[in-house]
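Hi,

I am passing a structure on to you, and I hope you enjoy looking through it. Have a look at it first, and then read on for what turned up.

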Amino acid sequence: MDLYVTDDDLLTIRQVAKSLGVQETIVREALLEHDWIYCETASRWSEKDQAKVIQRRYSPKAHKRDYFRTVQRHEAPRFKGQVYHTLKITAPGAKAIGVALKKWGLLENQLSEAVA
């Protein structure tokens, strides 16, 4: 594991999905379903929207933490009293996600639909 990965070296789920030619929601749902990540939810009042909004915070499961990093976002509203974070993916994580999506039958299906 590379302990010296900078934020610039990390990828979002959207970037990984785009590079694989898959929708972001498919990647996120697969990672949740196969216990690579988990999601916490909270609600808060948004002055901007003048409504209650749902916040979602994604975090890695312990056995997959080498594939992910959480990047704190101090400018974002607090999440359950804690600093909000964004889930980012390491280069080895992006490669592992590609392999896993193929294994789970999600990558080939998307590619074959795109070709059809």
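The crossing of helix 1 and helix 2 is right-handed. Please keep in mind that this is a predicted model.

To find the pair, look at residues 13-20 for helix 1 and residues 24-33 for helix 2. Their axes come within 8 Å and cross at roughly 115°. Angles of 65 to 115 degrees count as roughly perpendicular, so helix 1 and helix 2 are roughly perpendicular to each other.

Which residues meet where these helices touch? From helix 1 there are Ile13, Arg14 and Ala17, and from helix 2 there are Glu24, Val27 and Arg28. By class, the residues of this contact are 3 nonpolar and 3 charged, with no polar ones.

Next, the largest pocket, which holds about 190 Å³ of space. Its lining is made up of 13 residues, and those nearest the centre are Ile13, Arg28, Tyr58, Thr86 and Leu87. Two or more lining residues come from each of helix 1, helix 2, strand 2 (51-60) and strand 4 (84-89).

Which element gives the most to this lining? That is strand 4, with 4 residues. Sorted by class, the lining has 6 charged, 4 nonpolar and 3 polar residues.

Best wishes

Note on methods. Residues are numbered from 1 along each chain as its sequence is written. This is a predicted model: local features need pLDDT of at least 70, side-chain atom pairs count only at pLDDT 80 or more; totals for chains, interfaces and linings use all residues. Side-chain values use heavy atoms; hydrogens and water are left out. Axes are lines fitted to C-alpha atoms, for helices over the stretch in contact, and angles run from 0 to 180 degrees between N-to-C directions. Angles under 35 degrees count as roughly parallel, over 145 as roughly antiparallel, 65 to 115 as roughly perpendicular and the rest as oblique. A crossing is left-handed if the near helix is turned anticlockwise from the far one by less than a right angle, and right-handed if clockwise. Contact means heavy atoms within 4.5 Å. Ala, Val, Leu, Ile, Met, Phe, Trp, Tyr, Cys and Pro count as nonpolar, Asp, Glu, Lys and Arg as charged, and the others, Gly among them, as polar. On a 1 Å grid over the protein atoms alone, a cavity is a set of points where a 1.4 Å probe fits but cannot get out, and a pocket is an open set with protein on both sides within 12 Å along at least five of seven lines; lining residues have an atom within 4 Å of a point. Grid points are joined across faces, edges and corners, and a volume is the space filled by probe spheres set on the points.
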